[in-house]
2 protein chains.
Amino acid sequence: MRVLVIGANGKVGKHIVSKLKETGHEPVAMVRDTDQVPFFEEQGAATVLGNLENEIDQAFYNIDAVIFAAGSGPDTGADKTILIDQEGAIKAVEKAKQFGVQRFVMLSSMAADRPESAPTGIRHYLFAKHRADEHLKQAGLNYTIVRPGALTNDEGTGRVTLKEHVNNFGEISREDVAATIVRLLTVPGAEQKSYDLVSGDQAIEDIR
Amino acid sequence: MRVLVIGANGKVGKHIVSKLKETGHEPVAMVRDTDQVPFFEEQGAATVLGNLENEIDQAFYNIDAVIFAAGSGPDTGADKTILIDQEGAIKAVEKAKQFGVQRFVMLSSMAADRPESAPTGIRHYLFAKHRADEHLKQAGLNYTIVRPGALTNDEGTGRVTLKEHVNNFGEISREDVAATIVRLLTVPGAEQKSYDLVSGDQAIEDIR
């Protein structure tokens, strides 16, 4: 599939582009700046310029699936949490609908399905993610929502725990998150589903 | 009507409570702290303690209508924009549904129906208000959304411009906003409607 990766230049996004290449997909990395292009060109991945705060229509032509992996990151204010994490995601969902891209995989965050229970400092972020996830659920697309635990830069293990709900707020490597998301793209049983994701024993390649 | 005023201790909220009293309604001022109670008791208005970031169920018993006039204000971060302006409003809508309070008037903001066109510094705020307004529209309540222009502390004139859309981003006094909102509570033609509101020539008491 030709897969638009929104937030491709992020830490998880870069892994997603690599995993898409490895598994025979055709990633299209949406990046904000031209100086982010060579990184992807060097690995033979297509790029498209797009900024979630502006028009992104140009990114949606000839696309089979969208992976939303953008985030405003820890170094910006909560205004960007609204504009990127919430509204950027909602805009991407609306554009997928508009351009007839049926398949949409959302990188969410653990506890985004129950933000009111989160600690104060992270609660606004989880509400923003929650609104984006809820918007996707009601959009009429073939969606999958993935809510990973605390992200690490550890090397991927190829094994995870992927369940509708896990009780412990565990960790997981960004590489395993990316591999799981790419796997879920082509798993019919993952459509219209939301999952928590932490490290574990289940082989990603066996996810059905 | 017995009207719950959420954000009663704000500048517009205080006017709303007064106007409700003047027009024969029975306001219930939701306030966060006990030291905000005497201000309302002195004018014979009921109060209920409630914080939008916590449980607010206790405020919804025996209520006929809700006016949402809360805002996180200019002195807090955008995290509070999410938690109060957006999520507080959404929570109030959900509680109105849960407790069978059919009538809901939302104090929104001009341009909350088109946040993408707003200047950068205010855009995140308008997106938050937009999401709250959209949530209300789809909640199945008898709603009215009021989007005033720039708020002033001028004395009320009793006259406004209330239209689905006004082209200029005008001003309006908080007192006239409050009087208009209270008027709209009992105007059947205002149900399922959204309005821009600026100063003007239309007598508030003639709004039908």
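Mentor: The contact, meaning heavy atoms within 4.5 Å, takes 15 residues from chain A and 15 residues from chain B. This is a predicted model, in which local features need pLDDT of at least 70 and side-chain atom pairs count only at pLDDT 80 or more, while totals for chains, interfaces and linings use all residues. Residues are numbered from 1 along each chain as its sequence is written, chains are lettered from A and ligands numbered from 1 in the order in which they are written, and side-chain values use heavy atoms, with hydrogens and water left out.

Trainee: Which C-alpha of chain A is nearest the axis that relates the chains?

Mentor: With copies superposed by least squares on the C-alpha atoms of residues with pLDDT of at least 70 in both, a rotation of 180° with 0.0 Å of shift along its axis places chain A on chain B at an RMSD of 0.0 Å. That is the relation of a two-fold axis. In chain A, the C-alpha nearest this axis lies 2.4 Å from it and belongs to Ala78(A).

Trainee: What area is buried between chain A and chain B?

Mentor: Buried area is the accessible area (1.4 Å probe) that two parts lose on being put together, summed over both. Carbon and sulfur atoms give 64% of the area buried between chain A and chain B, which is about 1,300 Å².

Trainee: Which residue of chain A meets the side chain of Arg131(B) in a salt bridge?

Mentor: A salt bridge is a side-chain nitrogen of Lys or Arg within 4 Å of a carboxyl oxygen of Asp or Glu, and the count between chain A and chain B is 2. In one of them, at 2.6 Å from N to O, the side chain of Arg131(B) meets that of Glu87(A).

Trainee: Which helix supplies the largest share of the side of chain A that touches chain B?

Mentor: Helices (H or I, at least four residues) and strands (E, at least two) are DSSP runs, numbered from the N terminus. Helix H3 (78–98) and helix H4 (120–137) of chain A each supply at least two residues of the side that touches chain B. The largest share, 8 residues, comes from H3(A).

Trainee: Within the sheet of chain A, what is the bridge partner of Met106(A) in E6(A)?

Mentor: The open sheet of 9 strands has mixed pairing and the order E3-E2-E1-E4-E5-E6-E10-E8-E11, where two strands pair if DSSP finds at least two bridges between them. Strand E5 (residues 103–107) and strand E6 (residues 142–148) of chain A pair in the parallel sense over 5 bridges. In E6(A), the bridge partner of Met106(A) is Ile145(A).
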